[in-house]
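I opened this entry to record what I looked up, in the order in which I looked.

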Amino acid sequence: MNYLFPTYQRWEVEPVSAKGAYITGTDGKEYLDFTSGIGVCNLGHCPSQVEEAVISQMKKFWHVSNLFPQGIQQRAAKLLAEAAGLDLVFFANSGAEANEAALKLARKATGRPKIISFTKSFHGRTFGSMAATGQDKIKKGFGQMLETFIHLPFNDSKALLNEIGDDTAAVILEVIQGEGGINIAEPEFLETVQKACQEKGALLIIDEIQTGAGRTGKPFAFQHFNLQPDIITVAKGIGNGFPIGAVIGKAELGEAFGPGSHGSTFGGNPIAVAAAEATMETIFNDAFLQEVSALGEYLTAQAEKTLGALETVVEIRGLGLMIGIEVDGNVPDILSDLRSNGFIALPAGESVIRLLPPLNIKQSEIDQALAFLADSLKKLTRTAI
Ligand SMILES: *Cc1c(COP(=O)(O)O)cnc(C)c1O
């Protein structure tokens, strides 16, 4: 019996419980999970400090509406704003909603229509965030997209300089395209974007929904580059599994989002915000983030060593614990073979195996993961080019 719209191609593993980097299935088997719920459970499954924060808030109140001031929202917003070097936060419930709000804010604050984004980007599936997304497969069948969304080739400075102008409200980009295939922006390209935005008075929006929450070894991935975004958007890993998204922006944008301009019934829900506060208190910490960087370097180096020479492996790339292994083979088949052996990973783009392990993964678990990957990838024979 199926009562769900078939929007997702489901895997064959049904979880009954999960802890740390492991999921136990209804089949009684344990699976090593290098997906973290698609970059969400960055502290692993069911971390105790998040569980305690949620239970404690549940005993106070669950929902009162945004008509009431809520200290817990102020506390979580402070953590986000300070970690980002920005000033003001709007809470939403998801990544797409955060981008939707950011796009509305950019248009209202600048009074301009045009939004520039890039090919292979992913920004969500609402009409606005879908219009910003640079992948046809996401938009197919949904008719006319919103007006004045322009898509340019990623890492193409010249195309950007030709397009950006006095009618540009914002440029939105991921510094590492997650869904699009772990494609890393070139520093010179980002500098060009930053400078062009400043010169033309366009806002720079960085979509940190997948790259934020410590994933790359910094609170947000833009901090690896010489960037001063006007707005960043976050979701996924911020609440370690509780639905939350946020727009974080500069103080001068405050006026454009005055009372009545935007809102959300559930946005800033205290249970989700309690989860986010506990998650961020752990992640936005220098020692923790240094460990993420060290684990990322270990994973990349070991992957190069054990997988790099395989003829099916085209390239291994990434930053921190956001890693893509580009392969010459059928990714869904490889992932299915990995699952049957007890290892769960994600696809990205056309031909990339994406690894998003929990940020507190153990070295021994990384070793185990690479053994699973080597085993499956060695089985492949190179496909015809
Ligand atoms: C997942 C993702 C989104 C959409 O987030 P949802 O919570 O699924 O709406 C937007 N941008 C990026 C970069 C993402 O990875």
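Where does Ile182 lie? I found Ile182 in the loop between strand 8 (176–177) and strand 9 (183–184). Helices (H or I, at least four residues) and strands (E, at least two) are DSSP runs, numbered from the N terminus.

Before going on I noted the conventions. This is a predicted model, in which local features need pLDDT of at least 70 and side-chain atom pairs count only at pLDDT 80 or more, while totals for chains, interfaces and linings use all residues. Residues are numbered from 1 along each chain as its sequence is written, and side-chain values use heavy atoms, with hydrogens and water left out.

**Entry: backbone angles**

Most residues other than glycine have a negative phi. I looked up two residues against that. Ile182 is not a glycine, yet its phi is positive, at about 55 degrees. Ile182 has 0% relative accessibility and counts as buried. Cys46 also has a positive phi, near 55 degrees. I located Cys46 in the loop between helix 1 (36–39) and helix 2 (48–58). Cys46 is partly exposed, with a relative accessible area of 42%. The cut-offs are under 20% relative accessible area for buried, over 50% for exposed, and partly exposed in between (1.4 Å probe, protein chains only).

**Entry: strand 3 and its partners**

I count two strands as paired if DSSP finds at least two bridges between them. Strand 2 (residues 22–25) and strand 3 (residues 30–33) run antiparallel and are joined by three bridges. Thr24 stands opposite Glu30 of strand 3. This hairpin has four residues between the strands, and Gly28 takes a positive phi near 80 degrees there. Strand 3 also pairs with strand 15 (residues 343–344), in the parallel sense and over two bridges. In that pairing I found Leu32 opposite Phe343 of strand 15.

In which order do the strands of the open sheet of four run? I read the order as 13-14-17-16, with antiparallel pairing. Strand 13 (313–319) and strand 16 (346–348) are at the edges; each has a single partner strand, so one side of each has no neighbour in the sheet. From one strand to the next the twist averages 30 degrees. Within the sheet, strand 14 (residues 322–327) pairs with strand 17 (residues 352–355) over four antiparallel bridges. Val352 in strand 17 is the bridge partner of Glu326.

Helix 10 (residues 286–307) lies across strand 13, strand 14 and strand 17, and runs at about 175 degrees to strand 13. Helix 12 (residues 363–379) packs on the sheet too, touching strand 13, strand 14 and strand 17, and makes about 170 degrees with the direction of strand 17. Axes are lines fitted to C-alpha atoms, for helices over the stretch in contact, and angles run from 0 to 180 degrees between N-to-C directions.

**Entry: the ligand**

For polar contacts I used pairs of N or O atoms within 3.5 Å. A backbone N or O atom of Ala96 is 2.7 Å from a ligand oxygen atom. A side-chain N or O atom of Asp207 lies 2.8 Å from a ligand nitrogen atom. A polar side-chain atom of Gln210 is 2.8 Å from a ligand oxygen atom. The ligand taken alone exposes 380 Å², of which the protein buries 81%; these areas come from the Shrake-Rupley method with a 1.4 Å probe.

Terms used
Contact = heavy atoms within 4.5 Å. Polar contact = N/O pair within 3.5 Å; in protein donor to acceptor, adjacent residues only side chain to side chain.
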